[in-house]
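The sequence and the structure come first.

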Amino acid sequence: MTTPTPPVGRHLGTLGPVILSGGRILGGKACDIRLSGDGRIAAISPAGTDTTPVRRVPIDDCVVLPAFVDLHTHLREPGGEDSETIASGTHAAAAGGFSDVFAMANSRPVTDTPERVTWIAQTAARTAAARVHVVGAITTGLAGSALAPLEAMAAAGARVFSDDGRCVDDAGILRRALDAARATGTLIAQHAQCRHLAGDGQINAGPAADRTGLPPWPGVAEETIVARDVVLAAESGARLHICHVSTARTADIVRWAKSNGWPVTAEVAPHHLILDDQLTTGANPLYKVNPPLRSTEDVKALRTALQDGTIDAVATDHAPHTSRSKAADWCHAPFGMLGLETALPVVADVLTRAGAPDWVRIAQVMSHQPARIGGIDTLAGRPLAAGEPATFTLVDPAAHWQVDPLDLHSLSRNTPFTSMTFRNRVKATVVDGHVTHDAARLLPAATTRETRP
């Protein structure tokens, strides 16, 4: 299936012919990266050896990575513009090193028709600082009772379908969705949460729920859906993606499915790699997320599953909410956390080798594999090589920075990482030669900011 390439609607300027000197691709040796004027990499050579008479911009000590792809972003527009807009959410994405984001369907109204797919794509083309790929709903209104027009939405450009925020509990409907996805070459992404087992759960079942007295949310509510759906994927031959894996047993089920050669992929959210349910003892709604923070043992298992390839990708599940809504008591506050601007440092902390970030693996789980899963690997997640698009992010590996919600680009402030100190920070992001983020003014652009009507 061929769909139009989404443009970047807003950026800081366009890099013309230039040599970026001293950066280290995937943490390797310092090199010269020469960009052409058409948004591509012209050549890569050892640092200081490219004598082409063009501007030279030092990027000494920066790690150069392919720009990231987020399979799971909530941009809230339309209907939730007090929490986020396509413009603000994609600015946060660019600041986090992302060139591409997949916008989930649970907006108001739900993205469940081809017209709504088109509206979001057109709005993003005017206002977005990252390429936006529209995720269509699996069922009409996310109600789980009637299949949405998947074929028509695919024709309008949707590559992924998900009822994220709600589970497609009905196995028959999920099977029909998989059949439609197979026919259109698209992907079904399941939010695994059996309503009969999760009920009104609010917090991880076990000690966390016992300490707080809040309704428990057992891991089996996730695991039973995943077990069912991987078998359905095997039987149908359609591609199935498991959203935000949160338990050790879910990871084991995915590992089993892959060992059988079934067409299953999985993602993990950064917060599930570093935060556990002990943080919920005080019932602070900043730590309320769907699925909930799990046990220390689950966190360890998810890290292992990401390291060994069982989990294919990191996806932020960036879920902005207003400060007022998050200030409610736990049971009335919404589920969700910000994630775009803190994803890289969290993943770099998790994926280390010999005490240093494993930049090759980070590129795989944040760029190459998400692009492949989302069906945009001809556009994004490309290797950094001559002839490839100039789409990359520059990372300062020596940065020591403390997360301040007021410094984030989202309209919302609901980060669970407030006051945490990280290493590694994105300094600049470039998409097809367009500078979409440059906090340190490292990359003086050759042309002025593009403006679209």
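This is a predicted model: local features need pLDDT of at least 70, side-chain atom pairs count only at pLDDT 80 or more; totals for chains, interfaces and linings use all residues.

Glutamate 222 belongs to helix α7 (residues 220-236), while arginine 294 sits in the loop between α9 (270-274) and α10 (296-308), so the pair ties together parts that are 72 residues apart in sequence. Both glutamate 222 and arginine 294 are buried.

## Two bridges at aspartate 312

Aspartate 312 forms a salt bridge with lysine 258, where the closest N and O atoms are 2.7 Å apart. This pair links distant parts of the chain: aspartate 312 is in the loop between α10 and β16 (313-314), and lysine 258 is in helix α8 (residues 248-259), 54 residues apart. The relative accessible area of aspartate 312 is 7%, which makes this residue buried. Lysine 258 has a relative accessible area of 25% and is partly exposed.

The side chain of aspartate 312 also meets that of arginine 372 in a salt bridge, at 3.9 Å from N to O. Arginine 372 lies in helix α13 (residues 359-373) and aspartate 312 in the loop between α10 and β16, so this pair ties together parts that are 60 residues apart in sequence. Arginine 372 is partly exposed, at 40% relative accessibility.

## Salt bridges across the structure

Salt bridges with shared partners join Arg175, Asp179, Arg182 and Glu235 into one network. A search of the whole structure finds 18 salt bridges. As a general point, side chains of opposite charge can pair when their charged atoms come close.

## Cysteines

How many disulfides does the structure hold? The number is zero. For cysteine 62, the closest cysteine sulfur is that of cysteine 31, and the 11 Å between the two sulfurs is too far for a bond. Cysteine 62 is buried, with a relative accessible area of 2%.

The sulfur of cysteine 243 has its closest cysteine sulfur in cysteine 167, 10 Å away, which is again too far for a bond. Cysteine 243 counts as buried at 2% relative accessibility.

## Helix α12

Is helix α12 largely enclosed or largely open? Seven of the eight residues of this helix (residues 343-350) are buried, so α12 is largely enclosed by the rest of the structure. The buried residues are Ala343, Leu344, Pro345, Val346, Val347, Ala348 and Val350.

In soluble globular proteins, nonpolar side chains tend to be buried together. The largest nonpolar core here has 70 residues, of which Val132, Ile188, Leu306, Leu344, Ile362 and Met366 touch the most other members. Helix α4 (residues 171-184) supplies the largest share of this core, with six residues. A separate core of 21 residues lies apart from the largest one, and its members include Ile25, Val57, Phe392 and Val430.

Which residues are in contact with isoleucine 362, leaving aside its neighbours within four places in sequence? They are Leu65, Leu344, Val347, Ala348, Leu351, Pro357 and Ser367. Among these contacts, Leu344, Val347 and Ala348 are also buried residues of α12.

Definitions and conventions. Residues are numbered from 1 along each chain as its sequence is written. Side-chain values use heavy atoms; hydrogens and water are left out. A salt bridge is a side-chain nitrogen of Lys or Arg within 4 Å of a carboxyl oxygen of Asp or Glu. Helices (H or I, at least four residues) and strands (E, at least two) are DSSP runs, numbered from the N terminus. Buried means under 20% relative accessible area, exposed over 50%, partly exposed in between (1.4 Å probe, protein chains only). A disulfide is a pair of cysteine sulfur atoms within 2.5 Å. A nonpolar core is a set of buried Ala, Val, Leu, Ile, Met, Phe, Trp, Tyr and Cys residues joined through side-chain atoms within 4.5 Å. Contact means heavy atoms within 4.5 Å.
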